[in-house]
Amino acid sequence: MILELTAEQLAFKKQVEQFARDVVAQRAAFIDKSGEFPSDVIRAAADAGLCGITIPKIWGGGGRDYVSYALAIEAIAKASATVAVSLVVTNSLVAELIAHAGRDQQRERWLRRLASGEMIGAFALSEPDAGTDAANQQTTAVRAGDGYRIRGRKVWVANAEGAAVAVVFACTRPGLRGQGVTAFLVPMEAPGITRTARADSLGVRGLGCMDLDLDVTVADDQVLGRVDQGFRLATWALQGGRVAIAAQALGIGEAALAEAIAHARQRVQFGKPIASYQAIQWMLADIATELEAARMLTLKAAAAKDLQEKSTLEASMAKLAASEAAHKAADKAMQILASAGYRRGSTVERLFRDVRATEIYQGTSEAQRMIIAAKVLGTA
Ligand SMILES: Cc1cc2nc3c(=O)[nH]c(=O)nc-3n(C[C@H](O)[C@H](O)[C@H](O)COP(=O)(O)OP(=O)(O)OC[C@H]3O[C@@H](n4cnc5c(N)ncnc54)[C@H](O)[C@@H]3O)c2cc1C
């Protein structure tokens with residue numbers, strides 16, 4: 001498939017690249033060093049139309065296609081992986097899910113504000129014993145009056161520091177795993193939500209990841225979609241999220257390649273720039289080729305989502321290929337910069353740490369391989 005971008009997609013890409021250079025890149029090192037959730041940058045991103053990119057215009061979003069969304073996330077990630085993934089969570093895992101499954105009253109209450117960036121969202125699926133095995137939900141939602149009492153513990157909730165609303169998944173029919181999970185829309189300030197441990201992570205350090213202790217009562221109108229059908233919604237949201245994480249990985253990989261090229265051109269050893277040595281050239285050639293191959297898969301997955309085709313396989317392939325290509329790009333960039341890259345505070349050192357998360361969140365590489373294998377074996 002040869003994907004030609006439209007004039008509108010190209011113009012949006014250019015506009016986001018400019019924003020990424022002028023605003024996001026200026027703050028990337030500080031976000032990494034301080035680990036502070038970048039509320040001001042997210043607000044600026046909202047003003048630039050990056051919080052409800054694919055949300056229909058009637059709900060206050062940008063009404064753009066998934067290809068445009070992927071291009072935007074790649075551009076932002078090239079400047080800051082943290083800002084990019086924060087935007088992925090609020091766009092794909094919260095706003096798109098409410099647009100897809102919410103009732104109009106929920107869209108009025110939450111979606112408009114998410115799409116405008118007046119607020120951002122969080123997605124609370126993972127638990128201490130439900131990581132890759134996300135269907136093993138131990139958080140329970142038990143009928144209480146006209147609603148539900150949700151009790152349990154969620155871990156690694158990205159954006160938790162800045163979010164106003166979370167999609168919380170809980171077990172409504174014990175023993176049925178994915179067939180008995182319900183999604184709820186829960187205001188983060190609701191009594192009974194306690195933000196506990198803040199993750200001190202290797203990379204994407206300003207993501208505001210926190211654990212949540214829950215003992216919270218919600219009304220029936222806070223059920224997102226249908227009771228017991230929440231796990232399907234989680235997998236639906238993660239399909240879009242994986243395309244966006246593939247784009248995030250590409251952005252990180254591109255940044256690593258740019259650093260490697262610049263260094264190889266200017267660093268002289270044995271009287272010549274190291275770019276003149278074949279060992280270095282081959283590393284650059286491999287990085288560029290693998291990132292380009294991953295970009296094709298990512299755009300294909302985004303285009304499949306635009307065509308409303310079922311894109312489970314494409315999304316998993318894109319995430320797997322892009323995250324592993326970007327990991328290799330950061331690793332080889334470190335090799336090319338050597339001590340200059342290994343120094344704490346260097347851009348390559350940040351990219352090297354940031355990229356690792358793309359092989360873990362929204363399904364590990366092993367989880368993507370399980371999905372792909374089940375598809376190719378016809379067992380899915
Ligand atoms: C920075 C960051 C942000 C995150 N943000 C969020 C968020 O916003 N919301 C949220 O809900 N979660 C979030 N997570 C959690 C993330 O989704 C999980 O970490 C991920 O799904 C893996 O789960 P785990 O860490 O428990 O690993 P485990 O599931 O314990 O896996 C450990 C290892 O075993 C492998 N493994 C597990 N099962 C199998 C199997 N059957 N076959 C082969 N290999 C297997 C895994 O691939 C991995 O290599 C975040 C995580 C990180 C690091």
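T235 is partly exposed, because 15 other C-beta atoms lie within 10 Å of its own. On this scale a residue is buried with 20 or more other C-beta atoms within 10 Å, exposed with 12 or fewer, and partly exposed in between, the C-beta atoms being placed from the backbone. You will find T235 in helix α6, residues 230-266. Helices (H or I, at least four residues) and strands (E, at least two) are DSSP runs, numbered from the N terminus. T235 and C171 are 64 residues apart in sequence, and their C-alpha atoms are 15 Å apart in space.

Before going on, two points about reading the model. Residues are numbered from 1 along each chain as its sequence is written. The model is predicted, so local features need pLDDT of at least 70 and side-chain atom pairs count only at pLDDT 80 or more, while totals for chains, interfaces and linings use all residues.

Now look for the ligand. It is surrounded by 21 residues, and the closest are S126, G131, T132, T364 and E366. A residue counts as near when its C-beta atom, placed from the backbone, lies within 6 Å. Two or more residues of this shell come from each of β1 (121-124), β3 (147-157) and α11 (365-377). By type, the shell holds 14 nonpolar residues, six polar and one charged. Here Ala, Val, Leu, Ile, Met, Phe, Trp, Tyr, Cys and Pro count as nonpolar, Asp, Glu, Lys and Arg as charged, and the others, Gly among them, as polar. The ligand lies between domain 2 (122-228) and domain 3 (232-377), because both give residues to the shell; the domain bounds come from an automatic or database domain assignment.

Let us follow β3 to its partners. Strand β2 (residues 140-144) runs antiparallel to β3, and five bridges join them. Two strands pair if DSSP finds at least two bridges between them. Within this pairing, A141 has I150 as its bridge partner, and V142 has R149. The hairpin of β2 and β3 has two residues between the strands, and there G145 takes a positive phi near 60°. β3 is also joined to strand β7 (residues 210-219), by nine bridges and again antiparallel. In that pairing R149 stands opposite T217.

R177, however, has a positive phi near 45°. R177 sits in the loop between β4 (165-171) and β5 (181-187), and is partly exposed because 16 other C-beta atoms lie within 10 Å. F270 is not a glycine either, yet its phi is positive, about 55°. This residue belongs to the loop between β9 (268-269) and β10 (272-273), and F270 counts as exposed because it has 7 C-beta neighbours inside 10 Å.

Finally, turn to helix α4 (residues 81-101). Its 21 residues reach 28 Å from first C-alpha to last, close to the 30 Å expected at 1.5 Å a residue; the expected span is 1.5 Å times one less than the number of residues. Of the 21 residues in α4, 20 are buried. At A95, α4 bends by about 25°, the angle between axes fitted to the seven residues ending there and the seven starting there.
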